[in-house]
Structures are given as C-alpha cells and as structure tokens.
4 protein chains.
Amino acid sequence: MNQFGKRFTFMTFGESHGKAIGCIVDGVPAGMAIDEAFIQAELDRRRPGQNKYTTQRKEEDRVEILSGVFEGVSTGTPIAMVIYNTNQKSGDYSAIKDIFRPGHADFGYFHKYGLRDYRGGGRSSARETAARVAAGAIAKMLCQEVGIKFMSGVVQVGGSRATQIDFAFAQKSEIFALDASLEEHQKSLIDEARKNHDSIGGAALVRIQNAPIGLGEPLYYRLDAALADAMMGINAVKGVEIGEGTRASTLHGSQNNDAIAPEGFATNHAGGILGGISNGEAIDIYVYFKPTPSIFIEQQTINTDHEATTCKLEGRHDPFVAARGSVVAESMAALVIADMLLLNMGRTLKGVKNYYGN
Amino acid sequence: MNQFGKRFTFMTFGESHGKAIGCIVDGVPAGMAIDEAFIQAELDRRRPGQNKYTTQRKEEDRVEILSGVFEGVSTGTPIAMVIYNTNQKSGDYSAIKDIFRPGHADFGYFHKYGLRDYRGGGRSSARETAARVAAGAIAKMLCQEVGIKFMSGVVQVGGSRATQIDFAFAQKSEIFALDASLEEHQKSLIDEARKNHDSIGGAALVRIQNAPIGLGEPLYYRLDAALADAMMGINAVKGVEIGEGTRASTLHGSQNNDAIAPEGFATNHAGGILGGISNGEAIDIYVYFKPTPSIFIEQQTINTDHEATTCKLEGRHDPFVAARGSVVAESMAALVIADMLLLNMGRTLKGVKNYYGN
Amino acid sequence: MNQFGKRFTFMTFGESHGKAIGCIVDGVPAGMAIDEAFIQAELDRRRPGQNKYTTQRKEEDRVEILSGVFEGVSTGTPIAMVIYNTNQKSGDYSAIKDIFRPGHADFGYFHKYGLRDYRGGGRSSARETAARVAAGAIAKMLCQEVGIKFMSGVVQVGGSRATQIDFAFAQKSEIFALDASLEEHQKSLIDEARKNHDSIGGAALVRIQNAPIGLGEPLYYRLDAALADAMMGINAVKGVEIGEGTRASTLHGSQNNDAIAPEGFATNHAGGILGGISNGEAIDIYVYFKPTPSIFIEQQTINTDHEATTCKLEGRHDPFVAARGSVVAESMAALVIADMLLLNMGRTLKGVKNYYGN
Amino acid sequence: MNQFGKRFTFMTFGESHGKAIGCIVDGVPAGMAIDEAFIQAELDRRRPGQNKYTTQRKEEDRVEILSGVFEGVSTGTPIAMVIYNTNQKSGDYSAIKDIFRPGHADFGYFHKYGLRDYRGGGRSSARETAARVAAGAIAKMLCQEVGIKFMSGVVQVGGSRATQIDFAFAQKSEIFALDASLEEHQKSLIDEARKNHDSIGGAALVRIQNAPIGLGEPLYYRLDAALADAMMGINAVKGVEIGEGTRASTLHGSQNNDAIAPEGFATNHAGGILGGISNGEAIDIYVYFKPTPSIFIEQQTINTDHEATTCKLEGRHDPFVAARGSVVAESMAALVIADMLLLNMGRTLKGVKNYYGN
C-alpha cells in the first residue's frame with residue numbers, strides 16, 4: 001500500500017540504505033512544463049545536514065527523471081523519479097541489528113513481516129520523504145497553474161508556540177520559524193536538547209492560499225480527511241488539526257462559527273474547510289511532530305529474542321524533525337490538492353458539457 | 001467518493017430528508033453469525049432524542065438487512081442495509097432554503113455542485129452517520145471474533161477535560177462522560193449552552209484493546225493515517241490525535257519514548273502505534289468536535305444570490321455533538337481495524353503458505 | 001469486490017431470492033435530469049418472461065430511487081436504487097440444495113465461502129444484472145448529454161451468424177436479432193433447443209456511436225481492456241472481441257490496418273480503439289455467451305458430500321440468454337464510457353486551466 | 001492509470017526511447033526468496049532480436065532491483081525494478097514525427113494529450129511489456145510457492161491453428177509453436193509475411209495449472225473478467241477467450257456443460273472458471289493478436305496538420321508479435337493469479353481466525 005491519491009497519484013519505493021529511493025507520479029496532465037530545477041530546489045529545502053539544528057547526515061538527494069517528460073513538458077504518462085543513495089553505510093548499524101529502538105518503527109516491521117531491514121530504519125526511515133517532496137514538486141507545478149500557493153513553517157518548538165505567523169520569515173530561518181520574535185528562543189530549545197543528547201517535539205503550520213471553492217469529495221474523500229490522512233502518515237506525526245482544531249472543542253458555536261459576508265468569511269476558525277469542502281478561505285493545517293525517537297541516552301528495550309537489554313544509539317543526530325517535516329507536510333498538502341483539483345472536474349453536468357465542447 | 005476501506009469496505013447513500021439512508025458493506029468473511037439485534041443496539045446508542053443533552057429530533061433508525069446474510073450468517077456477498085427516513089418534514093426548511101448557515105456544509109455543496117438539497121443538510125447531515133454505525137457493527141462482529149474490543153466516551157466538554165478514564169461509567173452516563181467526577185459539571189456546561197441557544201464543543205476518546213501487533217499497511221495506508229482519515233471525516237471533527245498527540249510536540253524524546261520490556265511497553269505515549277503499525281498496546285485516538293454550528297442566535301450570512309442577510313435557525317437543537325459523535329468514532333475505528341485485519345493477511349510467505357495448506 | 005469503475009462507479013448488492021437487489025451509483029455529475037421512466041424502460045428491455053424465447057420467470061423489476069436525486073435532478077451524491085424481489089419462492093430449490101449443477105457457479109461459491117445461498121443461484125444469478133441495467137441507464141443519460149449513443153443486438157444464435165447488422169430491427173425483434181433475414185431461422189434454433197429441454201449459445205454486438213477521440217486511460221485502464229473486463233464479467237460470457245477480434249489474428253497487417261484520411265478512417269477493423277484509446281470511429285464489441293447451463297436433461301454431478309449423483313432440473317427455463325444478455329452488455333458499455341468520460345477530463349493542462357477559468 | 005491489481009499490484013513507467021522503463025511491484029509477501037536470475041531469464045524469453053521471426057531490434061533488457069529485497073528475500077516493501085534503455089536512437093524517428101501510422105496508438109495519444117512522444121511509439125510501445133514480464137516473474141515466484149504453474153505458447157499463426165498442444169515443445173520452438181506438426185508451416189507463413197514487408201496475426205494459449213478452487217472475487221473482480229482485462233490490455237490484442245470461448249456460443253448446453261464426478265470435472269469446456277471463480281481444472285486463456293501494424297508497405301494516412309499523406313516505415317521489423325506476446329500474456333496471468341491468491345485470504349471467518357491463531 002505504497003500509493004497515495006486517486007487521480008493525481010504517486011507511489012514511492014526504496015529504503016534508507018538500499019540502492020535508491022524514488023517515486024512514480026501518475027495522472028499528471030499533459031502539456032505542463034516540468035521544471036527539474038524546481039524539483040531539486042524543493043528537495044534541497046528538505047535535505048538534512050544543513051545546520052546544527054538538524055541531522056548531520058549528508059544526503060545528496062540528486063533527483064533524476066526517468067520517464068513521462070518529453071522535450072521539457074509532461075506527456076500524460078507516468079513520471080518516474082529516482083534518487084540514488086550515495087551515502088549509505090550499512091556497517092554503522094550492526095549495533096542495533098538485533099534490538100528494537102524505543103519509539104521506532106522497527107518493532108512493528110519485525111513483527112509484521114517476520115524480518116526487517118535494520119539499516120537506518122529501512123523503509124520506515126524519514127529518508128523516504130524525499131520521494132514525497134519530489135512528487136509534491138510536480139503537484140505544486142500543477143496547482144501553480146491555477147493560482148494555488150503553498151507555504152509552511154514551524155509554529156511550535158517544544159512548549160514555545162508562535163503568536164505571529166510570518167511565512168516569508170520562515171523561509172529564511174534556519175529552523176523555518178514562523179515567529180521571528182521567538183526564533184532565538186526556539187533555537188536555544190533545540191540546541192539544549194541536542195547538547196543533552198535528547199530531542200524535542202514541535203509543530204508545523206501549512207497554509208494553502210487561493211484554493212478554489214469546492215475541493216473535496218464528500219463523504220469519504222473529504223478534503224479535511226484526506227489532509228489528515230496525508231499528514232498523520234508523515235514520520236513522527238501524532239496530531240493533526242484543521243483551522244481552530246482541538247481548540248474548537250473548547251468553544252461555543254457562537255464563537256466558532258464564521259460569519260459570512262458578500263466579500264467572504266469574516267473569520268476563519270474553520271481553516272478554509274466546511275463539511276469537508278474548501279470554502280475559498282486560506283486552508284490551515286497544523287501538524288504535530290513527536291520528538292524524534294533517536295536519542296543518544298541509554299534506554300530500556302528488548303532484542304529480537306525477546307530478552308531485556310539496553311540501547312544507546314550513536315552516529316548522526318536529528319534533535320528536531322518538525323523543520324524538515326514542515327517541507328514534507330507542505331508537499332503532501334500539494335499532492336492532496338492536485339488530486340482534488342482533478343477529481344473536482346466533472347462534478348456538474350455543465351462542467352462535463354463545457355469540457356466536451358457541446 | 002462515498003466508499004471507505006480497501007478490503008473490508010462500506011459505501012453509504014442517502015440524505016437527511018430523502019427516502020432512506022443506508023450502506024453496502026463488502027468484504028465481510030463468509031460464515032460469520034450476523035446479530036441484527038446488535039446492529040440495532042449500536043444504532044440506538046447513536047440515536048438522538050434520548051435526553052436533553054442532545055437533539056430532540058426523533059429518528060426511528062430501524063435498520064433492515066437486504067442482502068448478504070443467509071440463514072443468519074454472512075455469505076461473503078455484499079451486506080446491504082437500509083434505514084428508511086420516517087420523520088422527515090421538508091416543510092420545516094423553507095426558511096433556510098436560500099441562505100447559507102454559518103459553519104455548515106451547505107456553502108460548499110452549493111458552490112461545488114451548483115445546487116443543494118437544503119432539507120436538513122441533505123447529504124452533509126450527521127444523519128448519514130447512522131449508516132456508518134450500522135456498518136461499524138458488522139466490523140465489530142468480525143473484530144470480536146479475534147478478540148479485539150472497542151470502547152469510547154467523552155473526554156472533554158468545552159474546557160472541562162477528563163483526568164480519570166472510566167469506559168464502563170461512560171456507557172451509563174447520559175453524556176457518555178469518561179470522568180465520573182466531572183460528569184455533573186460537564187452536563188451543566190451543555191445545559192448552559194442549550195439555555196443560551198448556543199452549542200459547545202467537546203472531544204471523544206476511542207480505545208482499541210487487544211489489536212494484534214502488525215496492523216497497518218506502510219507507507220500510505222498506515223494505521224494512524226487511516227484512523228486520522230476516518231475520524232477527520234466525521235461531521236464537526238477538526239482535530240485528531242494518536243496517543244500523546246499534540247502533547248507529544250511539547251516533550252523531549254527521553255520523555256516521549258516508551259521503554260520496551262519483555263512483558264510489553266512500559267508506557268504508552270505512542271498510543272499503540274509506531275511507524276504506522278500497531279504495537280500491541282491499547283490504541284488511543286482522541287477526536288475533537290467543534291461546537292455544532294446550528295445555534296438559535298442571529299448570525300450574519302449571505303443568501304444564494306450573494307446578498308448579505310441574517311439567519312436565525314429554529315427547530316430541534318443539538319447543543320453538544322461529541323457524545324453521539326463518540327459512537328460514530330468508535331464505529332469508524334472498528335471499520336478501520338476490520339479492514340486492516342484482512343489486509344494484514346498474507347503479509348508473509350509463511351502466512352500465505354499456511355493459509356493454502358502447503 | 002462488488003464495485004465497478006473508478007470515477008463514475010456502481011456497486012451492486014442482492015441475491016436472486018433475498019429481499020431485494022439494487023445498486024449505488026456514485027460519481028454522477030450534479031444537475032443532470034434523472035428520468036426514472038427511462039430507467040424502468042431499460043429494466044423492462046432486460047426483463048425475462050416476455051416471450052417463449054426466454055425464461056418464463058416473471059420478475060417485477062420495479063425500481064425505486066432512494067437517494068441522490070432532488071427535485072428531479074442529480075445532486076452529485078450517490079444514487080441508490082432498489083428493486084424488491086416479489087416473486088421469489090425458496091421452496092422451489094430444495095431439490096438442488098445439496099448438489100452442484102453442472103456449468104453453474106454454485107460449485108465455486110461453495111468451495112470459496114464454505115457455504116452457499118442455493119436459492120436460485122443466490123448472488124451468482126443473472127437476476128443481479130437488473131442492477132447493472134439500472135446503473136447503466138444513469139450512465140446512458142450522462143453519455144447522451146455529450147452525444148454518445150449505444151445500440152446492441154444478437155449477432156449469432158448457435159452457428160447462425162448475422163451478415164446484415166440492423167440495430168433498428170433488433171429493437172423490434174423478440175430475440176433482438178440484428179439480421180432480419182435470419183431471425184426466423186434463429187428463432188427456430190432457440191425453439192428447438194427449448195423443446196429438447198436444452199439451451200443454445202449466442203453472441204451480442206454492442207456498438208457505441210459518437211464517442212469522442214481520446215477515451216481510455218493507458219496503460220492499465222485502456223478502453224479495450226475495461227470493456228473486456230466489463231463484458232467477460234457478465235454471466236455466461238466466455239469470449240470478447242473488439243472490432244475484427246479473433247478474426248484479426250488470421251489477417252496480414254496490410255489487410256487489417258485501417259488507412260487514415262482527413263475525413264476519418266477508411267475502414268474500421270480496429271473497432272474504434274487503437275492502443276487502448278478511442279479513435280472516433282464506431283466502437284464495436286462482440287460478446288459471446290455460452291448456452292445457459294440450466295437444462296432439463298439428466299446430468300452427472302456430485303453433491304456437497306462429494307458423492308456422485310445426477311441432477312435433473314425443473315421449473316422455469318431460459319433456452320437462450322444472449323438476447324437479454326445483449327441489454328446487459330449495452331448497459332456495461334455505457335458504464336465504462338461514462339467512467340472514461342470523467343477520467344478523461346483534465347488529461348491536459350489546457351483542459352484543467354479552462355475548467356478552472358484561468 | 002498505470003497500475004494493475006488490487007493487493008498484489010504493479011505500476012509501470014517508461015517510454016520506448018526514454019531513459020528507462022521499469023515497475024514497482026507492491027504487496028509482495030515478506031520472506032520470499034527473490035531469484036534475480038529468474039527475472040532476467042523471463043525477460044530474455046520476451047526479448048526481441050533472437051531470430052528472424054521477430055524484430056531485429058536488440059534490446060539489452062538488463063533488469064536491476066532497486067528496493068524491497070534485503071539479503072535475498074522480499075521484505076514486504078515495494079520492489080522497484082529498472083531497465084535502462086541502452087539502444088534507443090531517437091534520430092531514426094524523424095520521418096514519422098508528424099504522421100500517424102495506420103494501426104498505431106499515436107493517433108489516440110496525440111488527440112488525447114495534445115502532443116505525443118513520437119520516438120518508437122513512446123509509452124505505447126511494446127517495449128513497456130518488459131516491465132510486465134519483470135513484475136510477472138515476481139508473481140510467478142509467489143504462485144510457485146503454492147504449487148501453481150504457468151505455461152504458454154503460440155496456438156495460431158494466421159489461419160493455421162494448432163490441434164495438438166505441447167507446451168514443452170513450445171519452449172524449444174523459435175516461434176513458441178504449440179503444435180510440432182505445424183511449426184514448419186507456421187514459420188513459413190511468418191517468413192512469407194516478412195519477405196512481403198508485411199506482418200501476420202496469431203494467437204497464444206496460456207494455461208494455469210494447479211490453481212486452487214475459489215480464486216476470483218465476485219461480482220466485479222471475477223477471475224475471468226480480470227484475466228480478460230489483463231489480456232485485452234496487451235499491445236495488439238483484439239480478442240480473449242476462456243475455455244471454449246467464442247466456440248461455446250455455437251453449442252448446446254448439453255454439449256458445453258462439464259459433468260462433475262467425485263474425481264473432478266469430466267471435461268473442461270469451462271476453461272477452469274465457473275461463475276468467475278476457479279473450479280480446480282486447468283485455466284485456459286486464448287489471446288488473439290492482430291498483425292503488427294508496422295509494415296514496410298506504403299499506406300494512406302494523415303499528418304498532424306490533418307492533411308492526407310502516405311507513410312512507408314523503415315527500420316527494424318517485427319512480422320509476428322504473438323510469440324513474444326505469449327510470454328507477456330503468461331506474465332499477466334501470473335500477476336492476476338498472485339493478486340487473487342492474496343485477495344482470497346480471509347474470505348471465510350474460519351480462515352481469518354486460523355490466520356490470527358485464535
């Protein structure tokens with residue numbers, strides 16, 4: 001079950017320490033200019049090893065398009081992209097070969113499949129998200145053509161929550177902080193966790209601007225549900241909110257309802273989605289990441305023979321995943337919206353007749 | 001897009017004020033005793049009109065099985081169920097025929113489809129969730145056969161959050177309160193909202209006990225993602241958490257990681273899911289409901305001609321939806337787990353060979 | 001797995017002798033006038049019991065729409081239709097309760113599911129095809145809106161093959177014969193089989209006129225493959241051809257290639273489909289039905305205890321299924337085309353941009 | 001829509017003259033030994049350029065596994081395979097850049113997508129079938145584990161139809177002829193077509209031995225329908241039959257019904273499938289290929305400006321595709337059966353309970 005989407009879809013493959021990771025993006029309309037440099041730029045935003053606030057693992061993440069593009073434009077056939085793994089060192093992982101790392105996926109993979117690829121998390125590694133970002137870049141190109149924009153940033157580091165949202169600032173921030181006034185403090189929280197050989201959780205905000213009214217396929221491919229699916233499926237995510245989110249549960253209807261005026265909604269508690277359908281306002285999605293489970297502190301665990309033992313990880317360290325995660329979340333949002341754009345076509349007889357020129 | 005699931009699936013139909021609502025449940029293994037009384041009992045738990053804390057609309061919700069069951073057991077063919085609408089009064093809705101109710105789905109439906117069924121919300125009405133509960137009852141019967149249990153209750157009313165979790169108490173509570181010590185206070189919050197012609201938000205907790213290790217299909221039908229999809233798609237839900245949820249974002253890895261011992265996990269911050277796969281612990285899902293948008297206070301809105309107007313709803317009133325919503329959430333959880341159980345079969349060659357008796 | 005289609009889909013339910021059969025049609029564009037009388041008329045074309053050339057079983061086949069239509073037009077929500085079984089007599093089937101009828105599905109159902117609904121074939125009965133015809137009628141309404149027409153008839157009875165194709169004549173013929181000059185002979189072949197308590201095979205031709213160029217989704221939802229799937233899945237079908245079909249295998253390329261001229265293709269050996277995509281010519285599908293296995297002659301078989309026995313069926317008799325089958329095949333063709341019409345939208349960026357008005 | 005299957009699935013990518021073709025196979029049970037040499041051997045069977053009866057194009061078809069296999073066994077994660085195109089010469093195709101070749105897919109692609117990759121057929125080239133064969137090799141490994149065998153051969157060349165079926169002989173025959181007594185004649189028919197710069201049609205027979213009773217998911221993923229879908233979707237296929245196929249339409253029920261005895265079916269007119277479900281007998285599928293449209297004779301056509309012109313192809317020539325096509329058909333059969341094997345698991349409550357060890 002390695003495919004996402006219904007009409008504009010992508011399927012990923014690859015393990016952290018296998019030969020390559022990659023994806024096939026299907027359903028891309030023909031005739032769209034494919035900007036390979038943009039795909040690479042998106043991958044570079046997600047790439048670790050750029051500063052001390054993230055993992056020092058150096059991934060090349062050089063993307064290559066294998067199909068679906070001819071003379072610079074999409075042909076309507078599947079676009080396959082591959083990123084060869086150039087930096088894997090399987091030898092590093094012998095120490096954890098037979099133990100389950102607390103908070104990691106390896107316990108589940110081993111019990112489900114009867115074996116596991118223990119090299120750096122194998123398929124469950126966050127490395128796979130590079131393939132999502134590559135696919136998301138194609139989705140963004142499509143969305144861009146109808147004027148839809150995506151932005152994201154870090155809204156929370158540990159207990160420090162942004163009160164100012166500045167997406168432009170986030171793009172310049174080393175930790176993609178949305179609140180300039182909190183950036184230094186948030187950096188210090190990450191740095192402190194790092195020095196303690198620990199990690200710290202955080203949250204991202206993804207905003208979608210200019211989505212047309214009407215996206216979302218009720219009742220079982222609603223826009224909010226599809227976004228929740230997309231976000232909760234990202235490594236380390238444990239909570240997802242749309243608009244007011246969990247906070248809406250503390251309010252009265254008279255507070256939470258958004259009044260409607262001819263020029264638009266007066267407020268946006270709904271986060272741009274009502275009844276699972278976009279309402280034309282900004283779509284706000286909050287994505288909550290747990291602290292990365294890879295910490296360099298001794299922990300109690302068991303081995304694959306079911307015996308008690310301890311583990312103390314070594315190697316490269318990623319004290320804070322929400323920054324890189326915000327780029328992945330933004331990509332997933334674009335993939336959902338691209339799918340919804342195509343699914344939305346033909347929802348009325350008038351639309352069908354206009355399309356077929358009758 | 002009115003179907004949910006991949007292997008154990010259901011598809012629903014019907015509008016609030018049409019002739020009937022119902023569903024087709026497909027993928028039910030043959031040879032399972034189908035207890036029609038249990039299905040009805042589940043519907044009765046969800047049914048409104050039972051006390052002053054919920055809507056006074058009297059729905060009969062009498063379910064009838066049309067197919068797929070022969071001599072009391074499932075045959076492996078689709079199980080269709082229908083609930084005829086016996087209490088619809090279309091005349092009640094003339095006042096809102098041409099306006100958009102703030103916080104409702106009708107704005108989106110009208111813009112998406114170019115028309116809308118304005119009678120009581122039409123397809124977007126919470127009435128459709130009765131079909132989910134009927135389907136969920138079948139899912140529960142399957143899960144029960146392998147020992148999996150589902151429970152739920154209200155964990156929060158407005159700002160009042162449970163600190164004690166007692167699922168047995170919730171079943172007896174008129175508002176499905178999980179914390180006996182808070183029930184009276186929580187009732188008073190709902191009653192106050194009702195008297196003010198307002199509504200109040202809340203949250204449900206769904207717990208899945210005894211799920212086998214290994215449920216969830218990485219990477220794009222992970223158990224957590226499928227549950228998030230299922231929950232966010234319920235009417236009025238704006239936030240979903242697994243285990244520690246949004247709170248995990250405030251923690252350090254050393255706090256959030258669950259140590260592993262031969263007898264199981266020492267803690268359950270993960271909420272029973274790691275890397276999108278169940279780990280054998282209790283699966284905890286928190287579901288946050290906004291206050292129901294139908295309030296009897298005058299609100300600013302526009303009509304279908306895009307002119308400013310006001311709306312003041314009348315009729316039956318549902319000041320608090322999280323109680324009924326908790327039953328729907330529990331049903332959706334069962335539907336996800338039933339699907340994952342079937343998908344999980346054949347994940348190893350050994351499993352396939354054992355099944356085929358070689 | 002009781003659903004067909006990807007975008008314009010239908011799911012059926014029901015057994016021959018259960019309470020009801022029916023379907024849910026999903027993906028119908030909103031704003032389409034739904035002509036309930038047309039649906040009924042289509043069902044009447046398929047209905048048995050109309051003359052001596054088909055089964056004398058009297059089925060009422062009275063269709064009722066339960067949802068998805070408001071004030072006479074589709075709303076974009078699922079259209080559920082139900083046909084209650086009013087003529088079932090389970091008592092008739094006690095004689096075959098424990099034996100497998102040669103040529104029937106009951107052998108497979110019993111071994112697959114460990115039990116079977118022995119009443120008149122249960123789910124495997126051709127009665128289920130009434131639900132396909134009801135769904136197909138909705139599909140035809142959509143296709144009609146963009147000018148696509150469907151026609152069908154019987155092209156072969158036993159060894160008697162039409163050399164003249166007259167769809168208008170077929171509509172008047174009791175056996176839907178396409179070749180007026182052969183009708184009497186073909187009737188006599190059926191009548192002879194009937195008198196011998198035997199049955200006879202046959203074939204239908206379905207033609208789709210005015211399909212736009214470009215329908216079909218390469219490479220795994222090609223138009224020809226989807227039609228083959230749809231047709232081979234009809235009860236008693238054992239062979240499917242597109243255009244020249246099996247005959248193309250006997251030709252040289254210089255004979256089979258259709259020359260192209262500015263005004264269209266010079267010939268239509270391809271049957272309107274090249275490379276899985278419609279080419280604007282008439283789409284011709286030949287569907288071959290085996291003789292119905294229900295014959296009133298003693299046959300060797302086994303019982304459910306795996307013991308040799310004989311069976312001699314009694315009751316209503318259907319000596320020739322290809323006539324009724326042609327209506328089902330025509331309906332399935334419409335369902336495929338409706339799906340392809342919607343899937344085809346958005347295949348180019350230009351189409352997407354035009355749709356979204358940019 | 002470049003994916004096939006529901007549980008054991010594959011998705012292909014790539015164009016004839018792009019960088020690479022390949023596939024992702026998903027749903028492979030973990031713990032299965034993956035024999036890379038067998039995959040290569042299967043590709044070599046399909047590979048052109050081996051003798052004068054097929055195209056002289058030399059394709060390397062060297063397959064590389066990128067993911068999903070660890071220490072020689074499947075891990076349950078997607079298996080990506082890539083075959084780099086090493087022999088493409090885009091320069092060869094300038095002559096056909098602006099014309100539509102009669103009988104080819106390029107007319108449809110151009111009209112559907114507004115452009116086309118004219119290099120050697122692009123996506124519509126039979127070259128893509130190498131990816132199917134690679135995926136099919138994985139499917140065969142799974143089927144082999146439960147004792148299912150696949151075999152195939154050429155049953156017809158032009159009007160010369162085999163009366164003897166010898167699969168062992170076919171494996172040694174340069175044209176995969178099933179009837180040893182006809183091989184020389186059939187070769188001469190192909191050679192004659194080749195010398196005439198023409199092509200000739202043919203048919204393949206695929207036989208599946210030892211499939212368990214019960215494969216096939218009624219009613220819309222029946223085994224016969226899925227096979228028809230799989231076969232009709234292969235390049236150049238225009239007809240598909242199961243068992244007696246089109247011939248069944250000429251028979252009486254008393255001739256076509258297969259009597260059942262305790263030791264099995266007395267005959268196999270059904271071709272191993274009744275009611276869409278396998279019955280334990282050999283599954284016979286006949287696949288009819290049109291003559292390849294690429295002939296070196298001048299033909300009437302139009303260009304992309306819609307003007308009349310002629311085309312006379314040059315280059316490598318494939319006078320007969322049914323031989324290579326039989327290997328592709330056999331691979332597709334394996335892919336269908338692998339999918340059905342997994343889907344069939346959990347069709348009874350007993351199966352589910354046994355699997356989960358309760």
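Modeller: In chain B, the residues B:Glu42, B:Arg45 and B:Arg46 of α1(B) meet B:Arg324, B:Val327, B:Val328 and B:Glu330 of α8(B), where contact means heavy atoms within 4.5 Å. By class, this contact of α1(B) with α8(B) has two nonpolar, no polar and five charged residues. Here Ala, Val, Leu, Ile, Met, Phe, Trp, Tyr, Cys and Pro count as nonpolar, Asp, Glu, Lys and Arg as charged, and the others, Gly among them, as polar. Two packed helices are described by the angle between their axes and the distance between the axes. For helix α1 (residues 36–46) and helix α8 (residues 322–344) of chain B, the angle is about 145° and the axes lie 8 Å apart. Axes are lines fitted to C-alpha atoms, for helices over the stretch in contact, and angles run from 0 to 180 degrees between N-to-C directions. Helices (H or I, at least four residues) and strands (E, at least two) are DSSP runs, numbered from the N terminus.

This is a predicted model, in which local features need pLDDT of at least 70 and side-chain atom pairs count only at pLDDT 80 or more, while totals for chains, interfaces and linings use all residues. Residues are numbered from 1 along each chain as its sequence is written, chains are lettered from A and ligands numbered from 1 in the order in which they are written, and side-chain values use heavy atoms, with hydrogens and water left out.

Two salt bridges are counted between chain B and chain A, a salt bridge being a side-chain nitrogen of Lys or Arg within 4 Å of a carboxyl oxygen of Asp or Glu. In a salt bridge, the side chains of A:Glu217 and B:Lys112 meet at 2.9 Å, N to O. The count of residue pairs in polar contact between chain B and chain A is 51 (both at pLDDT 80 or more). A polar contact is a pair of N or O atoms within 3.5 Å; within protein, one must be able to donate a hydrogen and the other to accept it, and residues adjacent in sequence count only if both atoms are side-chain atoms.

Chain B is superposed on chain A by a rotation of 180° with 0.0 Å of shift along its axis (RMSD 0.0 Å), using least squares on the C-alpha atoms of residues with pLDDT of at least 70 in both. The two copies are thus related as by a two-fold rotation axis. B:Asp229 is the residue of chain B that comes closest to the rotation axis, at 2.3 Å (C-alpha). The same surface serves both copies, as 100% of the contact residues of chain B recur in chain A.

Chain A also touches chain D, with 41 residues of chain A in contact with 41 residues of chain D. The area buried there is about 3200 Å², of which carbon and sulfur atoms give 63%. On the side of chain A, A:Met11, A:Leu66 and A:Phe70 lose the most area to chain D, together 19% of what that side buries. Two salt bridges are counted between chain A and chain D. A:Glu64 forms a salt bridge with D:Lys19, with the closest N and O atoms 3.3 Å apart. The largest share of the side of chain A that touches chain D comes from β2(A), with five residues. The residues of that side divide into 18 nonpolar, twelve polar and eleven charged.

Within chain A, A:Arg194 forms a salt bridge with A:Asp191, the closest N and O atoms being 2.8 Å apart. A:Arg194 and A:Asp191 are separated by about one helical turn, because they are three residues apart in helix α5 (residues 183–195) of chain A.

Key:
Buried area = accessible area lost by both parts, 1.4 Å probe.
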